[in-house]
Amino acid sequence: MSLIERANGSLPLAPSAKACCHPDTGRPTAPDDPVVALVGAPNTGKSTLFNALTGAGVTMGNWPGTTVEVSRGLWRSNGTEVACDCETCTCSEADGRLDITLIDLPGTYSLDPHSPDEALTRELLVGKPAAERPDLSVVTCDAARLTSCLYLVAQLREQDLPMVVALTMSDVAAKRGVHIDTEALARELGCPVVEIDPRRRGGLVALADLVRDRLGRPAPAPRAALTDDDDLALEDDRFAWIAHVVDVATGAAVQNARTWSDRVDRWVTAPVVGPLIFLAVMWVVFQVTTSVASPLQDLLDGLFSGPVSQGATALLSFLGLGDSWVQGLVVDGLIAGVGMLLTFVPLMALMFALLAILEDSGYLARAAVVTDRLMRSIGLPGRAFLPLIVGYGCNVPAISGTRILPNARQRILTALLVPFTSCTARLTVFVMMGAIFFGPYAGTAVFAMYVTSILIIILVGLGLRSTLWRNEPIDPLVIDLPAYQVPTLRLTSSVTWLRLKGFLQTAGGIIVVTVAAVWLLQSVPAKPGLAFAEVPVSDSVYGVVSASIAPVFAPAGFGSWESASTLLVGFVAKEAVISSWAQTYAVDEPDDNATPGDLGAAVYQTFTESSGGHPIPAALAFMVFLMAYTPCVATLAAQWREIGPRWTLFGVGVQLVVAWTLAVAVFQVGRLFL
Amino acid sequence: MRRLARLGLRVGAGFSLVSRTSGGGRVAVVAGTRIALGKPLLTQLRARVMA
């Protein structure tokens with residue numbers, strides 16, 4: 001299977017550059033798009049370059065048969081000018097355009113893989129037959145740390161591979177007193193070198209010209225490497241070559257002088273100040289993803305539940321479909337579903353933007369250092385702390401935030417733990433339950449839920465670590481710290497839009513379908529004599545289903561259909577729990593959850609009856625179950641996208657088992673005392 | 001150790017320690033590359049102080 005076929009052929013084939021009047025220009029005239037791979041060590045600007053070269057049409061997803069995420073895009077390269085001097089030439093800029101399939105391979109320091117991501121890079125570059133390899137590899141190298149980037153180049157130059165080197169961060173190198181002679185570097189490496197600045201889109205035309213020139217040409221003669229089976233001898237040979245290349249290209253040995261980044265890191269990674277700075281950054285992230293997003297979400301919610309729904313209702317009435325099941329489906333099913341999906345957009349956009357800023361600035365690597373010791377105790381790297389913290393705002397962006405973890409297995413483990421973080425949607429229910437059952441101790445009860453959430457994360461993390469992840473090696477802390485940089489608006493916007501689009505495409509369908517399905521169940525009568533979409537909840541299929549599962553919760557003290565139906569609604573969205581309760585008891589939803597009024601009295605009565613006179617432990621058990629079971633369908637959709645259906649369903653199973661077990665334990669022990 | 005070597009921290013390489021990190025680690029600079037190293041790994045490295 002060719003590389004393009006493996007890339008799923010999802011990109012439209014563009015016509016290749018039209019042959020000029022001089023057919024022997026050397027430009028490829030193959031009907032298929034040439035494939036160019038971006039290769040390089042992490043933090044060398046590879047993905048920044050990818051974003052700069054590609055526009056719309058980028059797809060992100062796991063490489064077929066792997067859990068490694070690879071970005072693929074269309075690079076519409078234009079040469080500087082069409083080189084043609086014939087008098088009757090009709091060549092135009094469009095004729096000079098060459099469409100290239102660009103693949104952003106995972107970052108790697110060498111062809112000796114230490115992770116599935118690096119293994120995929122090796123396989124695609126040298127493991128496949130020549131016909132299945134990229135037509136050309138662009139290797140990004142950080143000019144400020146050339147030595148560590150050139151090991152990969154050394155290995156690639158030992159292969160028969162067409163390649164060019166793109167030198168990035170020359171400005172950072174210059175500030176450190178390192179000036180690179182690109183011609184000398186190209187001569188010593190034996191392959192072309194071009195200096196670029198992908199953040200500011202500098203040198204991209206020169207890169208395009210170089211790539212177009214090299215496509216179709218034979219690869220440079222491989223570097224004469226040591227023929228020895230001793231790996232250490234091979235390494236020594238490569239490093240000796242690297243040292244010679246760096247010496248010639250820079251004119252002197254690289255000095256380890258302290259830089260501005262080092263002065264900042266003295267505080268940012270310090271034992272005491274570092275964690276404090278980290279907590280401050282996390283507080284900002286948390287505040288932005290809750291406080292800033294919240295009004296925007298309310299605005300969108302009001303828009304869809306107000307003008308949009310009213311408009312649709314008016315239109316359907318005009319068409320003679322008012323007060324019919326069609327209106328119910330459209331307004332309460334589809335519009336409600338789309339509205340729910342779109343209310344996540346501000347939250348997700350802010351989250352993706354913040355992650356992009358933290359990563360682009362270089363701070364994320366420092367945060368991983370600061371939190372490494374804490375996260376290592378449950379077998380996760382320091383970076384896993386960030387999505388877990390975000391989960392306390394909302395689980396949906398937190399799941400997407402696991403992308404910052406370089407290892408797929410770590411992403412899966414973290415994504416399985418995120419649902420146990422108590423999000424703000426659950427908080428609304430906790431506040432009301434606290435007011436109903438705990439009076440002056442309501443705050444303490446809510447706080448206890450957060451403490452329980454942290455304990456569950458630790459316990460489940462340790463449990464998974466000792467079972468399904470027991471063979472996962474715990475790598476020692478070795479983190480390459482990139483130089484601090486000011487994030488660029490263009491890159492942040494590009495990355496944010498790319499990730500947001502992916503979320504909407506994948507999760508959107510799941511959310512809309514689920515909301516519509518719940519409406520349908522609530523509209524179908526379970527008893528004769530009732531009309532479709534005009535049935536009380538208790539007499540609908542939804543109510544019957546709730547009543548059928550209610551006995552499951554009897555050991556936890558809340559085995560009533562009213563409580564069970566609330567948990568079913570909560571599966572769709574925790575924000576809908578209170579309104580669902582109000583609908584169940586046919587009372588108005590309280591304006592302030594801290595003063596539940598009639599609804600509170602009704603709920604208290606139900607819990608008293610279902611618990612046999614022990615409403616307090618039953619309420620605690622209910623809150624624990626609400627905190628630990630499946631967050632919402634949007635979180636499931638995000639998990640489905642990030643870790644796939646198998647792990648998502650496994651996660652649901654773990655959540656339900658943990659939630660039910662804890663709820664039963666809390667009630668059975670609590671009723672002995674309360 | 002292979003991973004450290006890829007980053008430039010190999011036998012015979014000169015490096016500087018520029019700052020401490022939480023958990024007893026250090027940030028080392030070798031050939032222009034800044035590397036955060038955890039304490040357990042640091043205890044396994046042998047280095048000689050150069051003038």
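## Terms and model

Buried means a relative accessible area under 20%, exposed means over 50%, and partly exposed lies in between (1.4 Å probe, protein chains only). This is a predicted model, in which local features need pLDDT of at least 70 and side-chain atom pairs count only at pLDDT 80 or more. Residues are numbered from 1 along each chain as its sequence is written, and side-chain values use heavy atoms, without hydrogens and water.

## Nonpolar surface patch

A:Leu321 is partly exposed, at 31% relative accessible area. A:Leu321 sits in the loop between helix H10 (273–318) and helix H11 (325–361) of chain A; helices are DSSP runs of H or I with at least four residues, strands are runs of E with at least two, and both are numbered from the N terminus.

Together with A:Leu315, A:Phe318 and A:Leu319, A:Leu321 forms a nonpolar patch on the surface, with about 440 Å² of accessible area in total.

## A:Ser565

A:Ser565 belongs to helix H20 (residues 561–572) of chain A and is buried, with a relative accessible area of 1%. Its side chain reaches the backbone oxygen of A:Glu562 at 2.9 Å.

Leaving aside residues up to four places away in sequence, A:Ser565 touches A:Tyr542, A:Ser546, A:Ser580 and A:Thr584 (contact: heavy atoms within 4.5 Å).

## Positive phi

Most residues other than glycine have a negative phi. A:Asn43 has a phi near 65°; this residue lies in the loop between strand S1 (35–40) and helix H2 (46–53) and is partly exposed at 31%.

A:Arg201, also not a glycine, has a positive phi of about 60°. A:Arg201 is in the loop between strand S7 (193–195) and helix H7 (204–214), and its relative accessible area of 35% makes it partly exposed.

Key: Chains lettered and ligands numbered in written order. Patch = residues over 30% accessible without salt bridge, like charges linked within 9 Å, V, L, I, M, F, W, Y side chains within 5 Å. Areas by Shrake-Rupley, 256 points an atom, 1.4 Å probe, with all protein chains shown as cover. Salt bridge = Lys/Arg side-chain N within 4 Å of Asp/Glu carboxyl O. Polar contact = N/O pair within 3.5 Å; in protein donor to acceptor, adjacent residues only side chain to side chain.
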